[in-house]
Amino acid sequence: MNLEDAFVQFLIESGYPVLPSELMGYAQEDQHGGRDTGEYPIEVSINQDEGRFLYALIRLLKPERSIEIGCADGCSAVHMLEALRKNEFGELVSFDINPNSGRMVTNELRDRWQLVIGDATVYPLPSADFIFEDGDHSYHSTKIILEKLKLLNPKIIVSHDYFRHIYDPNVGVKQAFDEVFPDGFSIWFSGTKTGLGIWVNPNRTLR
């Protein structure tokens, strides 16, 4: 699906009372690319439309704190930090085991960013309103971290590479996500091998 269709599906599934045009307006503010545009060429980077989807959700929800599990070069962090900067509110805490993570995050975006080097499955996690999970894609590790993230009671959890198992049998994101969030849903952008699993917390108001 394209970006506009993704927003329509998100609004249908979440029940959020806004028009898709509002989310598209937010997405069009985001000038960063992704793996598909060559701006962030490493294999694990998100695609541009996935980044714009994250950007628009953060612009809409205006979370006080967001958490990212798995930062790599920082493609997804850049999209989310740009949205926080535009909101003039909120911070992003990224977790990764690689001390060189986030090299693409520019200095002007770092005032709302904290990078924690450590294994998020065992590291104490702060409370958060918005969570983007893109860590170890094995079934076992993904299920552990998703169960831990659910306990934080965020408004939304978005998990990357939901459909990756179709191309790589070692990826267990879909199985883990569906077990932890049987009331979740998924979005798959055209031309990608990744996909997003999305859970909207029924016990939290979105705004």
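Predicted model: local features only at pLDDT ≥ 70, side-chain atom pairs only at ≥ 80, totals over all residues.
**Entry: helix 3 and helix 4**

I looked up how helix 3 and helix 4 pack, and found an angle of about 30° with the axes 8 Å apart. Helix 3 and helix 4 are therefore roughly parallel to each other. I noted their crossing as right-handed.

Which residues make this contact? From helix 3 I listed Q48, G51, R52, L54, Y55, I58 and R59, and from helix 4 I listed S76, H79, M80, E82, A83, L84, K86 and N87. Sorted by class, the contact of helix 3 with helix 4 has six nonpolar, five polar and four charged residues.

**Entry: helix 1 and helix 2**

Next I turned to helix 1, residues 3-14, and helix 2, residues 20-29. Their axes come within 9 Å and cross at roughly 130°. That angle makes helix 1 oblique to helix 2. I wrote down a right-handed crossing here as well.

On the helix 1 side I found L3, E4, F7, V8, F10 and L11, and these meet P20, L23, M24 and A27 of helix 2. How many charged residues does the contact of helix 1 with helix 2 have? I counted one charged residue, beside nine nonpolar and no polar ones.

**Entry: the nonpolar cores**

I kept a general point in mind: in soluble globular proteins, nonpolar side chains tend to be buried together. In this model the largest nonpolar core holds 42 residues. Within this core, F10, F53, F130, V158 and I198 touch the most other members. Elements that give two or more residues to the core include helix 1, helix 2, strand 4 (130-133) and strand 7 (196-200). Which element gives the most? I found that helix 3 does, with eight residues.

I then followed I198. Setting aside residues up to four places away in sequence, I198 touches F53, I156, I157, V158, F177, G184, F185 and I187. I also came across a second, separate core of 20 residues, with V93, L146, I157 and W199 among them.

**Entry: I187**

I187 is found in strand 6. Is I187 buried or exposed? I read 0% relative accessibility, so I187 counts as buried.

Leaving out neighbours within four places in sequence, I found I187 in contact with M1, A6, Q9, F10, F53, F163, G195, L196 and I198. I also checked I187 against L3: they are 184 residues apart in sequence, and their C-alpha atoms are 9.8 Å apart in space.

Most residues other than glycine have a negative phi. I looked for exceptions and noted two.

K62 is not a glycine, yet its phi is positive, about 50°. I placed K62 in the loop between helix 3 (48-61) and strand 1 (65-69). K62 counts as partly exposed because its relative accessibility is 37%.

E88 also has a positive phi, near 60°, in a residue other than glycine. Where is E88? I found E88 in the loop between helix 4 (75-87) and strand 2 (91-96). With 65% relative accessibility, E88 counts as exposed.

Notes: Residues numbered from 1 in each chain as written. Heavy atoms only, no water. Axes fitted to C-alpha atoms, helices over the stretch in contact; angles between N-to-C directions. Helix = DSSP H or I, 4+ residues; strand = E, 2+ residues; numbered from the N terminus. Parallel < 35°, antiparallel > 145°, perpendicular 65-115°, else oblique. Left-handed = near helix turned anticlockwise from the far one by under 90°. Contact = heavy atoms within 4.5 Å. Nonpolar A, V, L, I, M, F, W, Y, C, P; charged D, E, K, R; others polar. Buried < 20%, exposed > 50% of the residue type's maximum accessible area, 1.4 Å probe, protein only. Core = buried A, V, L, I, M, F, W, Y, C linked by side-chain atoms within 4.5 Å.
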